[in-house]
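Hello,

Here is the structure we talked about handing over. Please have a look, then read the notes below.

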Amino acid sequence: MVCGGAGFIGSNFIRYILGRHQNISVLNYDALTYSGNLDNLRNIAKDKRYSFVKGDVADKKKLDLGFKKFKPDYVINFAAETHVDRSIHVGAREFIDTNIVGIFNILETVKKNPRIKRYVQVSTDETFGSLDLNSKEKFKENTAFAPNVPYAATKAGGDLLCRAYYKTFGLPVIVTHCSNNYGPNQYPEKLIPFFILRMLEKKKLPLYGDGKNVRDWIYVLDHCEALRLCLFKGRPGEVYNIGADNEMSNLQIAGLILKYFNRNSSWIEFVADRPGHDRRYAIDSSKIRKELGWKPMHDFKEAFEKTIEWYLENKDWVERVRQKTGVFNPHIELWKGHKKQ
């Protein structure tokens with residue numbers, strides 16, 4: 001059972017897991033909020049091993065019915081409100097409902113279904129807060145939580161519930177913390193697809209602050225393989241950090257996209273920084289590499305260019321998303337009137 005399987009990482013995971021395992025079936029349980037998109041799974045919609053139920057993890061009764069009908073052996077949860085800017089400018093209520101109440105509901109349902117072998121909760125490195133830009137430190141599994149924005153705080157709350165349900169009830173819960181993903185089918189509010197589409201529209205790339213904020217980037221299919229290993233081989237009660245050691249500043253990411261489109265730095269527009277903007281994330285993934293034998297298989301340069309090409313080749317997908325949701329990242333637009341001098 002995949003909760004939130006119509007989103008970016010969830011849909012890639014469903015396609016990936018069905019491709020790797022012929023003897024499994026997958027139920028995609030998704031509320032289809034603004035970034036949930038069944039178009040992401042169009043190519044497997046008729047696969048007999050795949051089924052879909054529209055439902056919200058915050059709706060306990062419907063969630064229980066989904067579990068009762070499908071009787072899953074394994075559960076993985078991608079369902080989350082994820083966009084940091086939305087948690088700041090729109091409000092955190094939806095984030096609390098999905099990222100805390102939703103996880104509580106899943107845990108309660110898993111508790112009533114002892115047949116479930118493992119439940120993997122997909123989380124984020126943002127729960128750990130921010131690292132110094134010039135430090136060599138990396139987040140480890142036991143790094144203390146220090147979230148700086150509402151989104152990260154709600155994800156940390158859900159992660160702590162998972163820990164408590166393992167310690168108290170012995171639930172077979174595994175929590176993963178991953179760095180920034182990139183790849184096909186990512187909703188265009190996120191940095192890389194947002195910048196690609198700005199180039200196609202011949203618009204400048206807006207960068208918060210000085211643009212030097214650093215993220216550790218991982219190709220989505222490398223993340224999917226790590227999650228597959230956690231789901232089938234991970235130790236219940238454990239936390240696994242997932243990262244590919246590709247630290248890049250937002251300014252560097254913008255530069256790579258400008259280079260691909262043969263444009264210079266004059267296409268960058270610096271805007272006022274957002275509140276609570278973490279300076280640097282970096283993941284120490286030595287535990288999952290040692291215990292589960294995982295390592296990233298995709299070269300950053302090749303996978304990055306493949307990602308750009310996917311958006312260029314799938315403009316119809318982009319247009320359908322635009323018609324459904326309108327402006328991809330209105331929160332950046334809110335800050336453009338406050339240009340950094």
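**Charge and surface**

The chain carries 54 positive and 40 negative side chains. The centres of the two sets are 4 Å apart.

**Confidence**

This is a predicted model. The average pLDDT of the chain is 91. A score of at least 70 is reached by 92% of the residues. Please treat one stretch separately: residues 330-341 stay under 50 in pLDDT. The model still gives that stretch 33 contacts beyond four places in sequence.

**Overall fold**

There are 12 helices and 12 strands in the chain. The radius of gyration is 19 Å, close to the 20 Å from the globule rule for 341 residues, so the chain is as compact as a globular protein of that length. The C-alpha trace spans about 60 × 45 × 40 Å along its principal axes. Of the 341 residues, 54% are buried. Take the contacts between residues at least 6 apart in sequence: 83% of them join residues at least 24 apart.

**Helix H6**

Why is H6 largely enclosed by the rest of the structure? The helix covers residues 191-200, and eight of its 10 residues are buried, so the rest of the structure largely encloses it. The buried set is Ile192, Pro193, Phe194, Phe195, Ile196, Leu197, Arg198 and Met199. A charged residue, Arg198, is thus among the buried ones. After H6 comes Lys202, with a positive phi near 60 degrees.

Best wishes

Conventions:
Residues numbered from 1 in each chain as written. Predicted model: local features only at pLDDT ≥ 70, side-chain atom pairs only at ≥ 80, totals over all residues. Heavy atoms only, no water. pLDDT = per-residue confidence, 0-100. Contact = heavy atoms within 4.5 Å. Buried < 20%, exposed > 50% of the residue type's maximum accessible area, 1.4 Å probe, protein only. Helix = DSSP H or I, 4+ residues; strand = E, 2+ residues; numbered from the N terminus. Rg over C-alpha atoms; globule rule 2.2 N^0.38 Å. Charge placed at Lys NZ, Arg CZ, Asp CG, Glu CD.
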